[in-house]
Amino acid sequence: MTDAVSRGKGPAGVRPEAMSGPAAGRLHAPLIAAWDHYWFGGIAAVRPYLLVKVLLCVLAFDGWLHRVPAGGQYGAGGFGVAHFQWLDALQPLPSPGLYVGLMLAVGLLALWCAFTNAGRWPRALLAVLYTYAWAMSFQDGFQHHYFLSLVLMTFVFFPRLRARDLFAIDAEPAVGRRRRARPAGTLTVSSWGYALLGVNIGIVYAYTAVTKWDTEWRAGGVLRGLGGASLGPIAAWLAGVGVPPGMLWAMQGLGVFALECLIAAGFALAVVLDQRRRPWLRTITWLAFLGAVSFHVLTEVALPLQIGWFSYYMIVLACVYLLPSSLLWKLGALVYRPATRLAAVGQDALGRARLRGIGLTSVAVIGAAGVVVASGRALDLPGAQTVSVLAASALVAASVILLVRRRPQVAFRHALATGLAAVLMWAAAGRSGILFLYHARVGVDLQRRGDSSAALGAFERARRYAPNAKALDNYMARLKRQLDRAEE
Amino acid sequence: MSVSGDAFASPPAGPARVIISVFIISWLLWQLAVPLSYYLGGDPEEERFTWRMFSGVWLLHKNCSVSVTEFRSQPGGGTRPAGQINLNRTLHREWVYQLTKNRRSVVEKFLRTRCQGDPSLAALEFVRACPVAPPGRIPAVDLRFDCGTGAFTTP
């Protein structure tokens, strides 16, 4: 640890007089100081740490559970258009293998980054792969996928933080003045990437609020179009007491607008929450937190939207940015302490088995590579085997380099992280109905486009993983009869 | 951002701070300008990257319909209609939806691909109608694509 760690006033590790620079004029100095405070000031280290870990885990499972099943549509009918013309000129026609493989790889890499203290290059690679996954085709038109690309891009500039530096302080005996001076949960770090993401989220909410001024929003058409049937009883009750329906819709549009403005302001102000402990700041961020969580929970509960896990991403972001850091620290410590105990037990067991250094690492790397390849082979999805072989090869190559550099412990951790990520991928994509969903969707699309014979093949593959094989059997029998009649 | 030791990041100093500040300003300008351009006269149907999720335009698009008619050359000159393409049997459902949004690059590529796949085609007519939309909000589209020149005209 260094002097960069501070307890909250001003940019971490920087003397106030050094922030403006000698060239700054008298007029500009306060502005520059304010700029420096905002972008480079101290942020509770637990915030960026938890955000990266939690969001990458959600991203991995989101990709495997929600986006892999849509992979069969890529290249269907030999047609595809990318979001950007230059990309269209460069890339081949996207295929199911390319898209599904990419989403499996994104998930593996995201979990690997979450489990290890991954540096900027792996995080940059993750951002590139994720962005390419939606940019390759208009078939993925979800704006929140673009938003997640922005999140991943800012992650590249997040500091590398280790759990033991954040959570182990209270567990260890107090040694020296510095350690005693740092109570749990007050460690701060300078992270302009985190501040930039906070402001970016504020911009997103602000522009989303502007949309509520559309005529269709103010007239209630959008909410009715979204399936807001749950508002029906409220509208009926209001009509009963003499409030015209138009008033309700105008009020809901205005209400959502005000709420989203509050959340936008909350995210922009949350960046300085750990620097300036002012009551009004805490009040606004608490209100923004309650507003964001209730808004996204209500959206999930009351409206049948097909937006995947977007609400959950936003709830994670609201928790990390808007809650007090002491609460986040306690949450992190809850996970960290059992994890360190488990790791200690594991190390003891390995020590007793006399597996140490290069020998232990080699066994772990070969074992993890085998697990990765086996996971890919077990998934009946296009691109899965290619990705698993590539991931295993990357693990072996990186481990050899680390062993040559005499860093077997790092290689060991990477092997464990990769193996665990592969097992989770297999469990998520192979054991949750995803294989059925993927092949069934392919079959439905083929049948819709008139290729009943190929559709039957896809349904037969889907049947292997069907939760209700009898219903699918009946459907396939009907399809077979249609095919037989057509041949006659 | 510089990293002190390997645990905690300290604020950047000197030129690095200036470079990062320029980067931050550029990023913010990008994030502000792209959605703003929509409100300052951009394509009213192009809502990508503008944070207009579940907007009025999105709602109106749900009630739009689209058709593509093929035209073949006649021996005496001119063209004759050769029937409408069954879009649902030709394209994945998502592409049909993109056509109803009049996504220009999708429309153009689809028509061009059809021309390339069938040399006997002379032209294609793309029609998008949104009867529920208020006048002027989502304009009707009627475009003719010439397979020979690759140019769009209005019939």
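Two residues are in contact if their C-beta atoms, placed from the backbone, lie within 7 Å. With that in mind, select chain A: of its contacts between residues at least 6 apart in sequence, 74% join residues at least 24 apart. You are looking at a predicted model, in which local features need pLDDT of at least 70, side-chain atom pairs count only at pLDDT 80 or more, and totals for chains, interfaces and linings use all residues. Residues are numbered from 1 along each chain as its sequence is written, while chains are lettered from A and ligands numbered from 1 in the order in which they are written.

**Stop 1**

Colour chain A by secondary structure to find 22 helices and two strands; helices (H or I, at least four residues) and strands (E, at least two) are DSSP runs, numbered from the N terminus. Buried residues make up 41% of its 488 residues. Here buried means 20 or more other C-beta atoms within 10 Å of a residue's own, exposed means 12 or fewer, and partly exposed is in between, with C-beta atoms placed from the backbone.

Now select Leu108(A) and Ala110(A), which touch the most other members of the 141-residue largest nonpolar core. Such a core is a set of buried Ala, Val, Leu, Ile, Met, Phe, Trp, Tyr and Cys residues joined through C-beta atoms within 7 Å. Helix 4 of chain A (residues 96-115) supplies the largest share of this core, 15 residues. Another core, of eleven residues, lies apart from it and includes Val222(A), Phe54(B), Val57(B) and Cys64(B).

Go back to Ala110(A): beyond its neighbours within four places in sequence, Ala110(A) is in contact with Leu56(A), Leu59(A), Ala60(A) and Leu126(A).

**Stop 2: helix 6 of chain A**

Select residues 143-155. At 1.5 Å a residue, these 13 residues should span 18 Å, and the end C-alpha atoms are 19 Å apart, which agrees; the expected span is 1.5 Å times one less than the number of residues. Among the buried residues of helix 6 are Phe147(A), Leu150(A) and Phe155(A). Show helix 2 (46-67), helix 5 (120-135), helix 9 (192-211) and helix 15 (310-322) of chain A to see some of what covers them.

**Stop 3: where the chains meet**

Bring in chain B: 52 residues of chain A are in contact with 41 residues of chain B. Helix 9 of chain A gives the most to the chain A side, with ten residues.

**Stop 4: the sheet of chain B**

Select the five strands that form an open, antiparallel sheet in the order 4-3-5-6-7. Two strands pair if DSSP finds at least two bridges between them. The edge strands, strand 4 and strand 7 (152-153), each pair on one side only.

Strand 3 (residues 65-73) and strand 4 pair in the antiparallel sense over five bridges, with Thr69(B) opposite Gln84(B). Together these strands form a hairpin with five residues between them, and Gly77(B) in the turn has a positive phi of about 100°. How many of the six residues of strand 4 (residues 79-84) of chain B are buried? The count is zero.

Move to strand 5 (residues 121-129), joined by six bridges to the antiparallel strand 6 (residues 141-146). Leu124(B) has Phe145(B) as its bridge partner in strand 6.

**Last stop: helix 1 of chain B**

Finish at Leu29(B), in helix 1 (residues 15-39) of chain B. Is Leu29(B) buried or exposed? Leu29(B) is exposed, because 11 other C-beta atoms lie within 10 Å. Its C-alpha atom is separated by 38 Å from that of Arg144(B), 115 residues apart along the chain.
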